[in-house]
Amino acid sequence: MSPEPKAAPARDETLRQAMLRHLREGPLTARELSGLIGIREREVPAHLEHLQRSLRRTSERLQVEPAECLSCGYLFADRKRLTRPGACPRCRAQRIAAPVFSICQA
Ligand SMILES: [Zn+2]
């Protein structure tokens, strides 16, 4: 039996290149990115984390404008994960503005 061809990494690479291209053009949320490149919104953060790591070797960085509670204004500034938080730790509200991603020079 021959091993299965490994198609997934190449596709992932193309996805991340497309993400990078869109992010260079302006700030985007995970939802906007998902629409632009045709993947699910919940798949976006994992790709962004990979992109963030691979950019360390370059002069570009993934810039994250933190999520914000729309009820009390709490900023999720220390959050490491790139997903949208479910609820505010200060007031428990669930209306949270998603983090916004862009590319900047290091
Ligand atoms: Zn809040």
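**Notes on the predicted model**

1. Confidence. In the protein chain, confidence is lowest in helix α1 (residues 8–25), at a mean of 87, and highest in β2, at 98. This is a predicted model, and its protein chain averages a pLDDT of 92. Of the residues, 92% score at least 70. Where pLDDT is low, the predicted coordinates should not be read in detail.

2. Helix α3, length. Helix α3 covers residues 44–55, 12 residues in all. From first C-alpha to last, α3 reaches 16 Å, close to the 16 Å expected at 1.5 Å a residue.

3. Helix α3, faces. Which residues of α3 are buried? They are V44, H47, L48 and L51. Viewed down the axis of α3, these buried residues fall within an arc of 100 degrees, so they line one face of the helix. Exposed residues A46 and R53 sit on the face of α3 that is turned away from its buried side.

4. F101. This residue belongs to strand β4 (residues 100–105). Is F101 buried or exposed? F101 counts as buried because it has 24 C-beta neighbours inside 10 Å, and the cut-off for a buried residue is 20 or more. Leaving aside residues up to four places away in sequence, F101 touches L23, P27, L28, L48, L62, Q63 and V64. One of these contacts, L48, is also among the buried residues of α3.

5. A67. Where does A67 lie? A67 is in the loop between β1 (60–65) and β2 (68–69). Although A67 is a loop residue, it counts as buried, because 23 C-beta neighbours lie inside 10 Å. Not counting residues up to four places away in sequence, A67 touches F76, R79, R84, P85, I96, A97, A98 and P99. Two of the contacts, I96 and A97, are the residues of β3 (96–97).

6. R92. A backbone point to check on screen is R92, which has a positive phi of about 70 degrees although it is not a glycine. Most residues other than glycine have a negative phi. R92 is found in the loop between β2 and β3 (96–97). With 10 C-beta neighbours inside 10 Å, R92 counts as exposed, the cut-off for exposed being 12 or fewer.

Technical notes. Residues are numbered from 1 along each chain as its sequence is written. This is a predicted model: local features need pLDDT of at least 70, side-chain atom pairs count only at pLDDT 80 or more; totals for chains, interfaces and linings use all residues. Helices (H or I, at least four residues) and strands (E, at least two) are DSSP runs, numbered from the N terminus. The expected span of a helix is 1.5 Å times one less than its number of residues. The arc is that of the directions from the helix axis to the C-beta atoms. Two residues are in contact if their C-beta atoms, placed from the backbone, lie within 7 Å. pLDDT is the predictor's confidence in each residue, from 0 to 100.
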